[in-house]
Amino acid sequence: MKKGFFRDSVQMMLLTQELKRDGGLMDAAIVMGTTLNKDTLMRCGLLTHEGEKAGESDTIISITCADQPSLKTALERAEALLSRNPEQTKSDFSNVESALNASRGTTVATLSIPGQFVKEVASKMIEKNLHVFVFSDHVPLKDEIDLKVAAVKNNLLFMGPEAGTSIINGTVLGFGNLIRKGNIGIIGASGTGIQESSTLLHLCGSGISHAIGVGGRDMNKEVNGIMTLQAITALEEDQNTNAIMVVSKPVDSKMRDKIVNVVMKRSMKKYVFCFIGDSERLEDTKEVRYARSIQSSVLRILELVDKPRFEASRRRFEREAKASIGFANNLSETLITRQNYVRGLFAGGTLCYESKAILEEILGPVFSNLSANSRFHLQGRDESRKNTLIDFGEGEFTLARPHPIIDPSFRIERLMQEARDPSVGVIILDLIAGYGVSKDSIELFSRAISEAIETAGKANRTLPIFLYVCGTEGEISPSDIDSLRDSGAQVFTSNALMALTAGLVLRKPHRHLLRRLANDYLGVDIK
Amino acid sequence: MKSIGIIDQIAIANMEAVGKMINSEPELVGVDTAVKCIPGFKSKMILHAGPPIEWQDMCGALKGAIIGAVLHEGWCENTSEAERLIESGEIDFEPCHNHSAVGPMAGVISPSMPVFVIKDKKDNRHAFTNFNEGLGKALRFGAFDREVMTKLEWMKSKLAPILKEVLNTIVSDKGGIALKPIIAQALQMGDECHNRNLAGTSLLLRELIPVLISIVDKDDAVECYSFINCNNHFFLNLVLAACKCMADAGHGVAYSTVVTAIARNGTNVGLRVSGVGDEWFTGPAPIPEGLYFPGFSKKDANPDMGDSTITETVGLGGAAMAASPSIVKFVGGNTQDALEMTKTYKLISILQHRHFTIPYMDFEGTPIGIDIRKVLRTGITPRANTGIAHKCPGVGQIGAGIVTLPIEPFEKALYEYVRKYEI
Amino acid sequence: MKIPDRMVIVNVGARIFYDTAISQKADAVHVNWRPTIKLEKDLEAILRRIGG
């Protein structure tokens, strides 16, 4: 009992709720000692002799626990909650120190501040034993290394930098989607890589335990895969995870071997390593399977842990692939001779990268702001040349503008530009749904797509526009899909299928090549 | 005797300074001619807003206002004569602030102009301010065409005597019009009292009209009422003078690091600190970030100007922005931005006002007492919602926006502080 | 290392990620972060002396 201590009744109820949420007790009540409240406590079996003596201006804290130690802990927690000053029950703070000092049992920090300041702030977080999720880009490489080393020392996760997505215990950090809980863990060196993997798994009826973003540079020589290994350790120890999928662009073979060796040595679980568009064809081992696209890696991991769903999904993807091939054939007839090129406008870097890898197998080298090869490198703002794929989430854009997932206007502007180019045969885009995405996205894209098709139509051109829609039924409704289809777009449930189909509209590859592409990138055999 | 450390000494001094600001009670007690009532006002002197500045350094809008004042005084017949007179050095230019006065934008006060007289009930301190001319072309924006000059004449010969009579009656009745209660109420009604004064002007009219209609000739009463009624910012000048009283009450407390004046002259921003004497610490006046009226843009804008930041000095204006979300909308912001503005003032201020409170923040008092140490520690300087003048004299207001004061004056003030107190 | 059970979040930077946390009914607070100022050494020394 706290004599002469007052808080208003709503605050008391909120504090009681918080106390109960913390767990470790069977029942609790924090109330003022009014007659009415004491009656209520009595009925709940929470009124003691001491409580009975409480006056109207006294506060009664009543807790029922299984044992003394739990009771002691619970009482300490109740005291801490009550002596929090009003500032700390607010949800907005002006600086990091006051937020961390507000003793709420914080476990995770999410950072989206300019890259040069990340080290300063994240170091404090790690010192306070918080896991850190860093959305920021332009973090100096040295800072990333120092921070990850510190995190590992403290047994913490450092997700990022430039992590677009993580999903821990069903809670999305950054962007992300509503994914069913399941037994597959994802480790991603990319945000949209995690988004497509997780949504595809969900679509196939499966689900995830956790998705951990480790940042795009983690498996570089300098960073040395430190957080990838930490994430592997974490998922190995996680009882909800049976299989682990690692998604990344291709890495240096020494790095790959190092990580795979670690896995082979200690793992009890099944692994699929997805190195997107990897030119090297890797041999599966007993412990580790490999894949070269997100769709195919989803199929591979299902094959390892969920045979029935694997079968159903494989059949479905096969159907879709065959339908798309036929569809692409028909579309290509509608194009006029000049329409020779594909243009890709992407919000997701990994999706752009995957599409590029697939299209290059069909069409030859593609211009892109992602191209390492300087001959085919384009700045994002440059005019497109021949086959061009642009990642609008690249650093050159994000310095001045919000991320394309949040703000679609830049991409939409570019879409109009491409629609006016008579050499364009097909346009491909990713439409990311879920957290962080503006509610108007679907409408904005639908309108823009109609307009683009109309513009081409006025010049007597058909303009195929393909959309990979990344989201689950909780975020994209059937009527959203209808609205996009009504605008004239062709909607795909995987990025690889979209890219492959786009390639087929422009060129008809030899039967053997087509079969190999379908196998490598879609995970299906189309005979 | 136990000696206390410098930090405690400063804390005590600051509490005293801000306490005095909070408890000040400015009242409107009359109308008079500038040269007759303003201390130290010489016959060939013109007061202006902001810190001291020479003619050659003045911005276009301020020069225009001064030329207009020279013509209004009848010292010259035309612009070129006026410029010659000014360049001859015959006219003294001084900050309004140095003479217990304040004025918005150019803030020009010349000897024969009518001014409001404000008195602090607590300590008989006085403050003075000119009459607000209204919207559109005005002397305070550097305009001095026939329309402006005619209105200035009318204000002097018609409006001033009427208001003088009205106020004399009110003074004999109840001592004067208490300005703090009006300001406090206006805050609850959506004014922040710097760039939005609609409520304050309405409340002032309620004080004036009963006397106006009972003692003044009907036509005159209508003329006077209409003039004030058409100008939503009429109350602004009175707010400034009231704030000047409050700020001056806190000035001159030894060891205090609290800001007691912030003012701009279109070229420089100047500030004064309670414990550092009457010296002005200056920095370049920035151009406000904001929205422009059709046809104008940032390249037309005059740097920030006016004594109106005396409001931010005593817990109004930017510090009270959370009370006035509607004007943030006008500059492209939203309610959250208004709230944020007040919250940032909290980070650089000592106390919360006892009488000026914000309903939206559970009636929390506005942040008052800007501490130069906190400004330098956080890097956060005061920001204000303000009008933007055209850089060429005579054009007028071209937009409104948010101005962020420079950090330089605060640094200079701190250096002088340690020199003075040998710390 | 153990993956955290309880997600009690402090968001520093863009508010959109705080909104995301709240819309998932996660326990979260938001920090309106501002970069710390690197002051001139002498100003820093003065402020430390007089309690800034």
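Predicted model: local features only at pLDDT ≥ 70, side-chain atom pairs only at ≥ 80, totals over all residues.
I began with what a strand pair is: two strands count as paired if DSSP finds at least two bridges between them.

**Entry 1: one bridge in chain B**

With that in hand, I looked up B:Gly290 and found its bridge partner, B:Gly401, in E16(B). I then checked the strands around this bridge. E11(B) and E16 of chain B, residues 397–404, pair in the antiparallel sense, and I noted four bridges for them.

**Entry 2: the sheet around the bridge**

Which strands make up the sheet, and in what order? I read it as an open sheet of three strands in chain B, ordered E11-E16-E15, with antiparallel pairing. Strand E11 (289–292) and strand E15 (383–389) of chain B each have a single partner strand and stand at the edges, so each has one side without a neighbour in the sheet. From one strand to the next, I got an average twist of 20 degrees. A reminder to myself: strands of a sheet pair through backbone hydrogen bonds, in a parallel or an antiparallel way.

**Entry 3: a stop at B:Phe296**

Next I followed the chain to B:Phe296, which sits in the loop between E11 and strand E12 (305–306) of chain B. Is B:Phe296 buried, exposed or partly exposed? I found 16 other C-beta atoms within 10 Å, so B:Phe296 is partly exposed; a buried residue would need 20 or more, an exposed one 12 or fewer.

Leaving out residues up to four places away in sequence, I saw that B:Phe296 touches B:Ile398 and B:Gly399. Those contacts lead back to E16 of chain B, which covers residues 397–404. I also looked at B:Gln397: its C-alpha atom is 10.0 Å from that of B:Phe296, although the two are 101 residues apart along the chain.

Chain C has 52 residues, and 37% of them count as buried. I counted two helices and two strands here, and going from the N terminus the elements run β-α-β-α.

How many residues does each chain bring to the contact between chains B and C? I have 13 residues from chain B and 10 from chain C.

**Entry 4: a look at chain A**

Finally, I turned to chain A, where I found 19 helices and 19 strands. Of its 527 residues, 50% are buried. I also checked contacts in chain A between residues at least 6 apart in sequence: 68% of them join residues at least 24 apart.

Key
Residues numbered from 1 in each chain as written. Chains lettered and ligands numbered in written order. Axes fitted to C-alpha atoms, helices over the stretch in contact; angles between N-to-C directions. Contact = placed C-beta atoms within 7 Å.
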